[in-house]
Amino acid sequence: MLAGALVAQDGRVLLAQRPEGKHLAGGWEFPGGKKDLGETRKAALARELREELGVELRSARPLIRFTHAYPDRVVDLDVWRVDAWDGEPRGLDGQALAWCRLHELEQQGLLPADRPIVTALELPPLVAITPGERDPRVLRAWIDKAIGAGAGLVQLRVPDLRPAALADLARVLASECHRRDVRFVVNGVDPVLAALVREGIIDGLHCPGRLLRKPGRPDTFAGYFGASCHDPAELEQAAAAGADYAFLSPVKQTRSHPGGTFLGWERFAEWTAPLRLPVYALGGMTVRDVETAWDAGAQGIAGIRGFQLPRA
């Protein structure tokens, strides 16, 4: 099942209400429909938007793919983000339409299958992970370059730094991201770090892979919660722990482990396809890999060295 999340220039997103007589009538969803035999995914999306809304697709890219099980059926969703189209959307099947801000989507009566799409719309396609550096001056320069290369979320990762010292460093660096409308999360799940989220200083926490088997999302935690994964079992644990997104690695061979094993894009797509969870590709990534990642069903890419180079 193909669906399109039409995003207007002011950030509002289009929802359609399922008409009477259809499964889950009255619920709100992202418009779309089934792919015909022989159609490409994008061609099918363009046809469905033309038939349902009377618009002509101009620009779209894959957003998220996942499987949702209703009590009476299983739905495979292939969702695209649509940023440009010709024409004014109209409910040609008699369906009501509504333009909503991202924070309003959950309150609109969205179908259960569509809720992961909201998270995918909120999250950026490029995540930059800081190198193992502790000097704030060096990190400020690195963050500036990463944001300039397109990063919409920065993760502060300093292995073996005590939580209190990591929190102090996060306080210094968070404003570098926020003043440029970029989200800032910290790799670690200590209560000291969770307090920074509650205070609004940082936007979330990221759980290292070694901690995935421990209790997941912190109590009374309203920020983003991510997790590092390396196989299907860890991906399932991340989803069960309440993660908003996951990293899956290594997708490509990395400089730090030359000759080491890696997943490749085909296995990445296979492992992530059933998940109701946005997943970033990690390992050997550069900003040039983002479109390949989208085609494999990824939210986008995450990396360290890949953001040390300007975008081509």
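Student: Is helix 2 (residues 115–122) mostly covered or mostly exposed, and how many of its residues are buried?
Tutor: Helix 2 is mostly covered, with 6 of its 8 residues buried. Buried means under 20% relative accessible area, exposed means over 50%, and partly exposed is in between (1.4 Å probe, protein chains only). One caution: this is a predicted model, where local features need pLDDT of at least 70, side-chain atom pairs count only at pLDDT 80 or more, and totals for chains, interfaces and linings use all residues. Residues are numbered from 1 along each chain as its sequence is written, and side-chain values use heavy atoms, leaving out hydrogens and water.

Student: Which residues of helix 2 are buried?
Tutor: They are P116, I117, V118, T119, A120 and L121.

Student: And what covers them?
Tutor: The cover includes strand 1 (2–6), strand 2 (13–17), strand 5 (56–69) and strand 6 (74–86). Helices (H or I, at least four residues) and strands (E, at least two) are DSSP runs, numbered from the N terminus.

Student: New topic. Which strands close into a barrel?
Tutor: There are 8 of them, in the order 8-9-10-11-12-13-14-15, and the pairing is parallel. Neighbouring strands of this sheet are turned by 25 degrees against each other on average, direction ignored. Two strands pair if DSSP finds at least two bridges between them.

Student: How many bridges link strand 10 and strand 11?
Tutor: Strand 10 (residues 183–187) and strand 11 (residues 204–207) pair over 3 bridges, in the parallel sense. In that pair, V185 stands opposite G204.

Student: Which strands does helix 6 lie across?
Tutor: Helix 6 (residues 232–240) lies across strand 12 (224–229), strand 13 (245–248) and strand 14 (279–282). Its angle to strand 12 is about 165 degrees. Axes are lines fitted to C-alpha atoms, for helices over the stretch in contact, and angles run from 0 to 180 degrees between N-to-C directions.

Student: What sits in the loop between helix 6 and strand 13?
Tutor: D244 is found there. At 17% relative accessibility, D244 counts as buried.

Student: What does D244 touch?
Tutor: Not counting residues up to four places away in sequence, D244 touches T119, L123, R217, G223, Y224, F225, L277 and P278. Contact means heavy atoms within 4.5 Å.

Student: Back to helices. At what angle do helix 3 and helix 4 cross?
Tutor: The axes of helix 3 (residues 136–148) and helix 4 (residues 163–178) cross at roughly 30 degrees and come within 10 Å. The two helices are therefore roughly parallel. Angles under 35 degrees count as roughly parallel, over 145 as roughly antiparallel, 65 to 115 as roughly perpendicular and the rest as oblique.

Student: Which residues meet there?
Tutor: From helix 3, P136, L139, R140, I143 and I147 meet L169, V172, L173, E176 and C177 of helix 4. By class, this contact has 8 nonpolar, no polar and 2 charged residues. Ala, Val, Leu, Ile, Met, Phe, Trp, Tyr, Cys and Pro count as nonpolar, Asp, Glu, Lys and Arg as charged, and the others, Gly among them, as polar.

Student: What is the phi of D160?
Tutor: About 70 degrees, which is positive although D160 is not a glycine. Most residues other than glycine have a negative phi. D160 is in the loop between strand 9 (153–156) and helix 4, and is exposed, with a relative accessible area of 76%.
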